[in-house]
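Please read the following note beside the sequence and the model.

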Amino acid sequence: MPHLHARSQPARERGPMRWAGLLLALVMALMWVVPSGGASLPAAAAPLAVQQGPRLVLAFYYMWFMPGDFENGRMLDRPVTPYNSSLPETMDRQVREAQSAGIDASWTGEGTDTDANFGRLLDIAQKRGFSATIYFEVNSAVQHGDVAAQIQSVIRRYGSHPAFLRWNGKPVLFFWSPQTVGNAGAWAAIRSKVDPGWGQVWSVDTTDAAYLDAFDTIHFFSAGKWRGDTDVAKVNAQWRARVDDYNKRKGTGRLWTPGVIPGWDESRVQPPRPQAKVFPRRDGAMYEEGWRGGAIAAVADLGGFDGGVPAALLL
């Protein structure tokens with residue numbers, strides 16, 4: 001099974017990516033079978049009716065590790081057997097070990113290792129009855145060309161694959177660091193170019209509700225747990241209300257994607273972070289609190305870097 005990862009803050013607040021390791025057992029509790037038919041969201045002027053569709057559990061899955069990455073002393077936990085993420089046998093083993101999870105794959109730009117690995121993952125996922133999509137890391141993708149062109153390339157090359165995640169028949173895409181390109185207006189222009197009919201499902205990691213002008217749903221990679229005293233149930237309630245208010249004002253049917261994390265620990269991240277976050281797992285209590293605070297379905301964090309403990313997002 002792949003090593004776990006998490007990032008520290010909502011999109012506009014995060015610092016540079018760092019490697020870290022986490023307990024694998026925590027992810028197993030998040031995993032559920034995801035049929036090969038997935039997520040879709042409302043059009044720009046969708047009705048206010050509740051969006052009906054399958055409840056999905058996905059995993060952020062990062063395919064960029066080599067055996068030496070686990071020996072740098074910055075991981076709290078390491079896999080039993082160090083692995084090469086690019087090997088098909090590694091992907092197949094990890095998919096089999098995650099038999100009750102759907103996997104959401106990271107993709108960082110055309111020509112990268114994760115780009116090449118994603119195609120292999122889709123083939124393996126199809127054989128195993130799983131689905132996969134991309135987490136479009138905008139800050140990395142801009143180094144590889146035009147963002148709109150790269151999103152179009154993803155859909156052109158992978159969107160028709162039987163294992164590409166869909167919801168109500170629409171392909172699902174996740175985005176991180178939207179501010180790298182610009183504000184909601186900049187993304188509305190990209191959306192009108194890439195997906196003018198809103199035939200896809202776009203979810204963005206941000207704390208700026210204005211991005212709902214260009215995206216179908218907002219999620220927090222950190223699950224909204226930014227400080228030790230943060231009450232994630234209140235965060236979920238606040239954002240549920242914000243999305244509901246947006247829908248009432250705009251006549252749309254946008255969705256809120258709350259989050260769950262079992263804990264967080266940045267104490268070994270190098271170079272050291274000022275005021276490194278450490279949120280103890282408390283024998284699973286933190287994890288349970290997250291589910292009670294907003295669970296409908298989940299996006300679990302399963303592969304990685306950065307400091308701490310896996311994030312889980314709830315669709």
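The numbered points below begin with the basis of the values and then turn to the structure.

1. This is a predicted model, in which local features need pLDDT of at least 70 and side-chain atom pairs count only at pLDDT 80 or more, while totals for chains, interfaces and linings use all residues. Residues are numbered from 1 along each chain as its sequence is written, and side-chain values use heavy atoms, with hydrogens and water left out.

2. The protein chain has eight helices and 13 strands, taken as DSSP runs (helices H or I of at least four residues, strands E of at least two) and numbered from the N terminus. Of its 315 residues, 57% are buried, where buried means under 20% relative accessible area, exposed over 50% and partly exposed in between, with a 1.4 Å probe and protein chains only. The chain exposes about 12,100 Å², of which carbon and sulfur atoms supply 53%; these areas come from the Shrake-Rupley method with a 1.4 Å probe, and for residues only the protein chains shown count as cover.

3. Among contacts (heavy atoms within 4.5 Å) between residues at least 6 apart in sequence, 74% join residues at least 24 apart.

4. The largest nonpolar core has 42 residues, and Phe118, Ile151, Phe175, Trp187 and Trp202 touch the most other members; such a core is a set of buried Ala, Val, Leu, Ile, Met, Phe, Trp, Tyr and Cys residues joined through side-chain atoms within 4.5 Å. Apart from it lies another core, of ten residues, among them Tyr135 and Leu165. Leaving aside neighbours within four places in sequence, Phe175 is in contact with residues including Tyr135, Ile151, Trp187, Trp202 and His219.

5. Eleven salt bridges are found in the whole structure, each defined as a side-chain nitrogen of Lys or Arg within 4 Å of a carboxyl oxygen of Asp or Glu. In one of them the side chains of Asp92 and Arg128 meet at 3.1 Å, N to O. Asp92 lies in helix H2 (residues 88-97) and Arg128 in helix H3 (residues 113-128), so the pair ties together parts that are 36 residues apart in sequence. Asp92 counts as buried at 18% relative accessibility, whereas Arg128, at 40%, counts as partly exposed.

6. Asp216 forms a salt bridge with Arg191, with the closest N and O atoms 3.1 Å apart. This pair links distant parts of the chain, Asp216 being in the loop between strands E6 (201-205) and E7 (217-219) and Arg191 in helix H6 (residues 184-194). Both Asp216 and Arg191 are buried.
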